[in-house]
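Subject: A structure for you to look at

Hi there,

Here is the structure I promised to pass on. Please open it beside this email and follow along as you read.

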Amino acid sequence: MNALASTSRNLRHAARILGLDSKIEKSLLIPFREIKVECTIPKDDGSLVSYVGFRVQHDNARGPMKGGIRFHPEVNPDEVNALAQLMTWKTAVADIPYGGAKGGIGCTPRELSMSELERLTRVFTQKIHDLIGIHTDIPAPDMGTNAQTMAWILDEYSKFHGHSPAVVTGKPLDLGGSLGREAATGRGVVFATEALLAEHGKKIKDLTFVIQGFGNVGSWVARLIHEKGGKVVAVSDITGAVKNPNGINVFDLLEHREKTNSLVNFQGADGLDPNELLVHECDVLIPCALGGVLNRENAGGVRAKFIVEAANHPTDPEADEILSKKGVIILPDICANAGGVTVSYFEWVQNIQGFMWDEEKVNKELQRYMTRAFYNIKSMCKSHDCNLRMGAFTLAVNRVARATLLRGWEA
């Protein structure tokens with residue numbers, strides 16, 4: 001089942017639990033606006049090439065729309081649509097005043113030079129500048145984009161609208177980015193994990209962890225768990241996987257990866273077949289890579305007692321059912337990885353006020369938001385007698401539906 005069908009199914013299930021009117025349920029499924037643009041740029045060799053750019057703006061009942069821009073060869077309207085919808089629910093769960101959006105350009109960033117990437121980003125911004133804005137839609141980095149990409153968007157947008165640092169988040173610090181933004185998603189995952197474990201009378205320092213993905217999110221999750229005394233027993237990324245039943249020294253692994261650009265041949269651990277990683281013996285499994293990695297083929301073999309979804313949509317619905325029957329507790333993506341958008345919100349607030357926070361304040365507020373979101377989900381689980389995923393979806397859908405009705409949606 002693809003991401004869009006799966007997200008829509010979760011929405012419909014939540015709407016049924018809440019007893020929502022079918023008309024409002026239908027209106028929540030339909031995106032507010034879908035944008036498709038052709039971005040034609042000269043390459044460094046003088047030839048012309050054209051890329052397709054998308055931006056899906058899903059819902060703005062609770063505030064301006066918010067979501068990443070990815071540069072990836074497989075950017076397609078369906079996927080962008082699903083991720084935009086997921087952002088609506090994620091911002092509602094975190095209780096920040098945004099709706100969801102998502103965008104992207106179908107390209108392979110590593111095949112483009114720095115100047116080609118800059119031209120592509122600027123042309124894309126020229127085509128959508130009147131449809132994004134501080135109080136309309138605020139992009140952020142995603143797969144294949146980074147703080148530099150946001151700097152180019154900010155500069156191009158400002159040519160049309162005057163200096164507007166709050167139009168994008170995830171910017172470089174020198175242009176109004178927030179301290180703590182780089183680690184935010186990973187740190188949020190760890191705060192959410194602590195709240196989940198506390199509910200079951202457990203602590204990070206007493207448990208073993210397996211982490212799939214060692215990019216920005218995975219490496220921060222591993223580092224912070226290691227600092228808190230948790231035992232990271234296996235890690236994987238695109239280059240391979242490593243395991244050590246006595247715990248991997250994450251700082252040594254980060255150093256090894258920095259030197260060799262790979263996890264393999266790391267002295268402090270043994271090699272592991274990456275396909276075995278998800279079914280490796282552990283207490284907590286944290287997928288931080290791509291969607292759809294837990295499916296009906298491997299779900300039966302999962303040995304973890306808890307799964308924390310740091311990636312977007314890592315568990316497909318069939319795996320969800322298998323894991324629920326086994327009694328595995330899953331903390332869903334729309335809660336677990338909301339740290340990134342929460343600190344993006346703090347960055348936007350700082351830019352609008354023209355007053356920047358220190359890192360300690362950013363992390364303290366992040367912990368407050370993540371912990372509060374978890375307890376709000378738990379109370380929905382109690383009211384509606386459902387699992388954490390449906391608790392999160394009913395919380396989010398209820399908030400967005402209430403805002404939609406209060407604004408008078410039939411007028």
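Below is what was found in it, starting with how to read the values.

This is a predicted model, so local features need pLDDT of at least 70 and side-chain atom pairs count only at pLDDT 80 or more, while totals for chains, interfaces and linings use all residues. Residues are numbered from 1 along each chain as its sequence is written, and side-chain values use heavy atoms, with hydrogens and water left out.

Let's begin with the sheet. Five strands make up an open, mixed sheet in the order 1-2-4-3-5. Strands here are DSSP runs of E with at least two residues, helices are runs of H or I with at least four, and both are numbered from the N terminus; two strands pair if DSSP finds at least two bridges between them. Which strands stand at the edges? They are strand 1 (33-42) and strand 5 (137-141); each has a single partner strand, so one side of each has no neighbour in the sheet. Inside the order, strand 2 (residues 48-57) pairs with strand 4 (residues 99-105) in the antiparallel sense over five bridges.

Next, the nonpolar cores. A nonpolar core is a set of buried Ala, Val, Leu, Ile, Met, Phe, Trp, Tyr and Cys residues joined through side-chain atoms within 4.5 Å. Buried means under 20% relative accessible area, exposed over 50%, and partly exposed in between (1.4 Å probe, protein chains only). The largest core has 84 residues, and W89, V93, V221, I286 and L331 touch the most other members. At least three of its residues come from each of domain 1 (29-162) and domain 2 (183-335), with bounds from an automatic or database domain assignment. A second, separate core has 23 residues, including Y51, L112, I132 and L154.

Finally, two residues from a record. The unreviewed UniProt entry places the feature "binding site" at T185 and N216; positions follow the numbering used here, feature names are shortened, and annotations may be inferred rather than shown by experiment. The two are spread over 32 residues of sequence, yet they cluster in space, with a largest C-alpha distance of 8.4 Å. Are they buried or exposed? T185, in helix 6 (residues 184-199), is buried at 15% relative accessible area. N216, in helix 7 (residues 216-227), is partly exposed at 38%.

Enjoy exploring!
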